[in-house]
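Me: I am new to this structure and would like to learn how to read its features. Please take them one at a time.

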Amino acid sequence: MKSLHVTTPGLAEVVETATPVPQPGEALLRVRFAGICGSDIQVLRGTQPFASYPRVPGHEFSAEIVEINGASEHFAPGDVVTGVPYFQDGSCYSCRRGLINACEHNETMGVHRDGAFQEHLTMPLDRLHRAEGVDPRDLAMVEPFSIGYHAVRRAEVAEGDRVLVIGAGAIGLLTMLSAITRGAQVWVADVVASRLELAVSMGARGAFDLTAQSISEAAGSATGGDGFDVVCEATGLPVSFTNAIEAAAYGARLVLIGNGTREVTFNQSVLIKKELDVYGSRNSREVFGTLIDLLERKVVDVSPLRTRIVPFTEAVSALETAAGGATEDLKVLIEFPAGS
Ligand SMILES: [Zn+2]
C-alpha cells in the first residue's frame with residue numbers, strides 16, 4: 001500500500017509499505033478521506049516539538065472497515081467509521097481522574113505515532129465510531145469539530161449566552177457551530193473578510209473585521225457595552241489573548257483553543273478586576289458520538305468548511321502548499337483511492 005511519510009523535517013514523500021495486520025480487537029481500515037491540520041503542517045516544517053521521524057501525519061479521517069480480528073457486536077466489514085486519534089496511557093494522574101484528553105503521556109496519531117495519510121491503517125475497535133448516512137467527507141471533520149465542541153463544553157456555553165469566537169479558521173468556525181448547537185448567540189472576529197462572510201452564512205449573528213474596527217468597538221456594538229459572556233480564542237496569537245480579555249464581560253469565561261507558541265504580556269489585574277474564569281482546552285473527550293449524532297440528524301452542516309479536496313496522488317504538494325502558508329483554504333481533505 002501507499003503511505004505518505006514525512007521522512008525528515010521538510011521532506012514529504014509517498015512510499016510503498018506493507019499493509020498492516022490487525023491485532024486481536026483491532027480493525028483494518030481503508031482510509032477514505034483525511035484532513036490536513038495545523039499539526040500535520042508543523043510535522044512537515046519540523047516545528048512540532050513532540051514529533052519523531054519518519055512519521056505518517058494525519059489524525060482527522062474517515063475510513064471503511066475492511067476486516068476485524070475477532071468478534072464484534074458493534075462493527076462489521078463495510079462500516080464507515082472515524083476514530084479517536086489520541087492514545088492515552090490510562091495510568092497517569094490525569095487518566096486516573098478521567099481527564100484522558102490531557103494524559104501526561106498522550107500520543108496523538110500523526111504526531112507521536114503514525115496517522116491516517118496512508119491507504120490502510122489498523123485501530124482498536126473501542127476507538128472507532130460508526131456513522132450512518134453521513135458523507136464520509138464530513139465524517140473526516142468530526143475530530144476538528146470535537147476540538148471546538150470540547151472547548152464550548154469546558155466553558156459551559158449555554159442557551160442565551162453571548163459568545164465571541166476569535167479566529168475564523170476551521171477550528172474557530174467549528175467552535176462557532178458548537179456554541180450555536182448549545183443555544184448561544186455567536187459572533188466571530190477575524191482579519192480575513194471571506195472567512196467572516198462564511199461565518200455569517202453558517203449562522204454567526206455577526207462578524208467583526210479586526211482590520212477595520214477594534215475589539216472593544218466590536219464588543220461594545222454587539223453587546224450594548226456589556227461584553228461577551230464567553231470568549232473562545234482560536235488563533236493562538238498573543239494579540240488574540242489580550243483581545244479576548246478586552247472583549248469579555250465582567251464574570252465571563254475565556255477558553256483557549258489556539259495553541260500559541262509565543263509569549264503573551266498582559267497585566268494580570270484585569271483577570272481579577274473582571275473576575276474572569278480562564279480555561280485551557282486540550283484535544284477532546286467523549287464527544288465523537290454526540291457530534292456524529294448531530295451530523296446524522298443534519299442538525300449541523302460542516303460541509304462549507306471543506307474548501308478543497310485533493311487526490312492522494314497530490315497529497316504531498318497539498319501538504320507543502322499548506323505549509324507554505326499563503327492559502328485561504330479552510331479544510332483541505334485528501335481523498336484516497338476506492339477499494340481494490
Ligand atoms: Zn495518562
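Me: Where is the place of Glu156?

Reply: This is a predicted model, in which local features need pLDDT of at least 70 and side-chain atom pairs count only at pLDDT 80 or more, while totals for chains, interfaces and linings use all residues. Residues are numbered from 1 along each chain as its sequence is written. Helices (H or I, at least four residues) and strands (E, at least two) are DSSP runs, numbered from the N terminus. Glu156 sits in the loop between helix 4 and strand 10.

Me: What is the phi of Glu156?

Reply: Most residues other than glycine have a negative phi, and most peptide bonds are trans. Glu156 is not a glycine, yet its phi is positive, about 50 degrees. Glu286, also not a glycine, has a positive phi of about 55 degrees; Glu286 is found in the loop between strand 15 (277-280) and helix 10 (288-296). As for peptide bonds, the one from Tyr53 to Pro54 is cis, with omega near -5 degrees. Pro54 belongs to the loop between helix 1 (38-45) and strand 4 (60-68).

Me: Why is Glu156 called partly exposed?

Reply: A residue is buried if 20 or more other C-beta atoms lie within 10 Å of its own, exposed if 12 or fewer, and partly exposed in between, with C-beta atoms placed from the backbone. Glu156 has 14 other C-beta atoms within 10 Å, so it is partly exposed. Glu286 counts as partly exposed because it has 13 C-beta neighbours inside 10 Å. Gly110, by contrast, is buried because 25 other C-beta atoms lie within 10 Å.

Me: Which residues is Gly110 in contact with, leaving aside its neighbours within four places in sequence?

Reply: Two residues are in contact if their C-beta atoms, placed from the backbone, lie within 7 Å. Gly110 is in the loop between strand 7 (107-108) and strand 8 (120-124). With those neighbours left aside, its contacts are Ser39, Asp40, Val43, Val56, Pro57, Gly58, His59, Gly115 and Ala116.

Me: What should the 13 residues of helix 4 span?

Reply: The expected span of a helix is 1.5 Å times one less than its number of residues. For helix 4 (residues 142-154) this gives 18 Å, and its end C-alpha atoms are 18 Å apart, which agrees. Helix 4 is mostly covered, as 13 of its 13 residues are buried.

Me: Which strands pair with strand 13?

Reply: Two strands pair if DSSP finds at least two bridges between them. Strand 10 (residues 162-166) pairs with strand 13 in the parallel sense over four bridges, and Val165 has Cys232 of strand 13 as its bridge partner. Strand 14 (residues 248-256) also pairs with strand 13 in the parallel sense, over five bridges. There, Glu233 is bridged to Leu256 of strand 14. Strand 13 (residues 228-233) is largely enclosed by the rest of the structure, because six of its six residues are buried.

Me: How many residues has the largest nonpolar core?

Reply: A nonpolar core is a set of buried Ala, Val, Leu, Ile, Met, Phe, Trp, Tyr and Cys residues joined through C-beta atoms within 7 Å. The largest one has 104 residues, and Val188, Val231 and Cys232 have the most contacts inside it. Helix 5 (residues 170-181) gives the most to this core, with eight residues.
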